[in-house]
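The sequence and the structure are shown first.

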Amino acid sequence: IEQGWVGPLVRVGFGVALGAGLIVLGLRLRPKRLRYGQALMGGGLAVLYTTLFAAFQLYDLLSYPVAFGAMLGVTALGFVLAYRCGDVLAAVVATQGGLSTPFLLHTGSGDIAARVGYTSMLLTCAFALYALRGWRTLLVTAIVGGWLVLGIGRAELTDLFVTQPRGLDHTVLIVGVVYAGLLFGGVPLWRAVQYHRAPERWPRPAMSWFQGRAWAEEPARLLAVLVPLGTWAVIEDLFEAPEWGQGLILLGTAAGYAGA
């Protein structure tokens with residue numbers, strides 16, 4: 001590298017080859033060495049994310065649409081591997097990488113509406129996979145990562161609209177936070193009901209580290225309390241209504257929640 005023999009293009013090519021090689025090797029070793037194969041597959045996905053980040057941000061080899069599409073492809077690959085192979089680590093890495101993509105490819109434009117729409121789509125895929133597989137590690141990853149992304153958007157928006165009129169970003173963020181809250185609170189509850197009705201059809205993977213912990217065995221119980229509070233905490237500053245108006249919103253929401 002110091003002599004100029006290995007340029008940026010070769011480095012990126014090596015990174016892509018390494019990431020793909022780790023995934024292929026992990027698939028081959030999975031039947032015999034499950035944990036090692038999972039680690040290789042997750043590591044391969046992480047290498048691909050890092051390589052694409054370097055190709056775009058450090059070496060300027062890819063345009064934004066190409067880099068974004070490539071990272072989206074890596075995320076889709078992670079979800080497919082997770083579903084087909086029953087690999088929770090691939091699902092976690094794909095969710096983390098997918099949620100990080102807008103920040104890894106940040107160009108300073110700050111398009112909050114597009115980021116919220118993308119995040120909502122990604123969270124939908126992650127929670128669909130959770131509903132099918134019941135991976136609580138994926139559930140925690142999606143919720144924490146989703147709140148972080150939406151919270152960053154809220155912080156940017158409140159600074160942005162101190163002196164400017166509110167517009168599309170403001171509305172989309174509120175809708176996105178409410179949609180995320182419905183996912184975070186509703187899907188775990190729905191799956192808990194399905195598990196208690198037909199545990200053989202909707203299995204719950206064992207968590208050896210947290211056996212006997214109610215919040216880990218049945219996360220819907222904890223989320224039923226935390227998600228509504230978290231949802232309001234994110235969007236509270238986005239409403240222009242006076243305090244009594246916000247109080248009416250909270251009372252109406254509480255009534256609907258109690259009914260549900």
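## Terms and model

In sorting lining residues, Ala, Val, Leu, Ile, Met, Phe, Trp, Tyr, Cys and Pro count as nonpolar, Asp, Glu, Lys and Arg as charged, and the others, Gly among them, as polar. The model is predicted.

## Overall architecture

The protein has 10 helices and 0 strands, and the order of elements from the N terminus is α-α-α-α-α-α-α-α-α-α. The C-alpha trace spans about 70 × 55 × 25 Å along the principal axes.

Of the 260 residues, 39% count as buried. The accessible surface comes to about 14400 Å², and carbon and sulfur atoms hold 66% of that area. Among contacts with a separation of 6 or more, 68% are between residues 24 or more positions apart.

## The nonpolar core

The largest nonpolar core has 51 residues, and Phe 127 and Phe 184 touch the most other members. Helices that supply at least two residues each are α2 (34–58), α3 (64–85), α4 (88–104), α5 (112–133), α6 (136–160), α7 (168–197) and α9 (219–235). The largest share, 10 residues, comes from α5.

Phe 184 is in contact with Leu 123, Phe 127, Ala 142, Ile 143, Gly 146, Trp 147, Leu 223 and Val 227, when neighbours within four places in sequence are left aside.

## Cavities

Rolling a probe the size of a water molecule over the atoms shows where empty space is left. How many cavities of 30 Å³ or more are there? The count comes to 2.

The largest cavity holds about 90 Å³ of space. The residues that line this cavity are Tyr 130, Gly 134, Arg 136, Pro 188, Arg 191, Ala 192, Tyr 195, Arg 204, Glu 217, Glu 218, Pro 219 and Ala 220. Both α7 and α9 supply at least two residues of the lining, and the largest share, 4 residues, comes from α7. By residue class, the lining divides into 6 nonpolar, 1 polar and 5 charged.

The second largest cavity holds about 30 Å³ of space. Its lining consists of Thr 119, Ser 120, Leu 123, Leu 150, Gly 176, Tyr 179 and Ala 180. Two or more of these lining residues come from each of α5 and α7. The lining divides into 4 nonpolar, 3 polar and no charged residues.

Arg 136 is found in helix α6 and is among the residues that line the largest cavity. Is Arg 136 buried or exposed? Arg 136 counts as buried because its relative accessibility is 7%, and the cut-off for buried is under 20%. Not counting residues up to four places away in sequence, Arg 136 touches Tyr 130, Arg 204, Pro 205, Ala 206, Met 207, Ala 216, Glu 217 and Pro 219. Among these contacts, Tyr 130, Arg 204, Glu 217 and Pro 219 also line the largest cavity.

Ile 174 is found in helix α7. With a relative accessible area of 14%, Ile 174 is buried. Leaving aside neighbours within four places in sequence, Ile 174 is in contact with Ile 235, Leu 238 and Phe 239. The C-alpha atoms of Ile 174 and Thr 231 are separated by 9.5 Å, and these two residues are 57 residues apart along the chain.

Asp 60 is found in the loop between α2 and α3. Its phi is near 55 degrees, a positive value in a residue other than glycine. Asp 60 counts as exposed because its relative accessible area is 63%, and exposed begins over 50%.

Leu 251 is found in helix α10 (residues 243–259). Leu 251 is a leucine that is exposed, at a relative accessible area of 61%. C-alpha to C-alpha, Leu 251 and Val 24 are 54 Å apart in space, and in sequence they are 227 residues apart.

Methods. Residues numbered from 1 in each chain as written. Predicted model: local features only at pLDDT ≥ 70, side-chain atom pairs only at ≥ 80, totals over all residues. Heavy atoms only, no water. Core = buried A, V, L, I, M, F, W, Y, C linked by side-chain atoms within 4.5 Å. Buried < 20%, exposed > 50% of the residue type's maximum accessible area, 1.4 Å probe, protein only. Contact = heavy atoms within 4.5 Å. 1 Å grid on protein atoms, 1.4 Å probe; cavity = no way out; pocket = protein on both sides within 12 Å on 5 of 7 lines; lining within 4 Å. Points joined across faces, edges and corners; volume = space filled by probe spheres on them. Areas by Shrake-Rupley, 256 points an atom, 1.4 Å probe, with all protein chains shown as cover.
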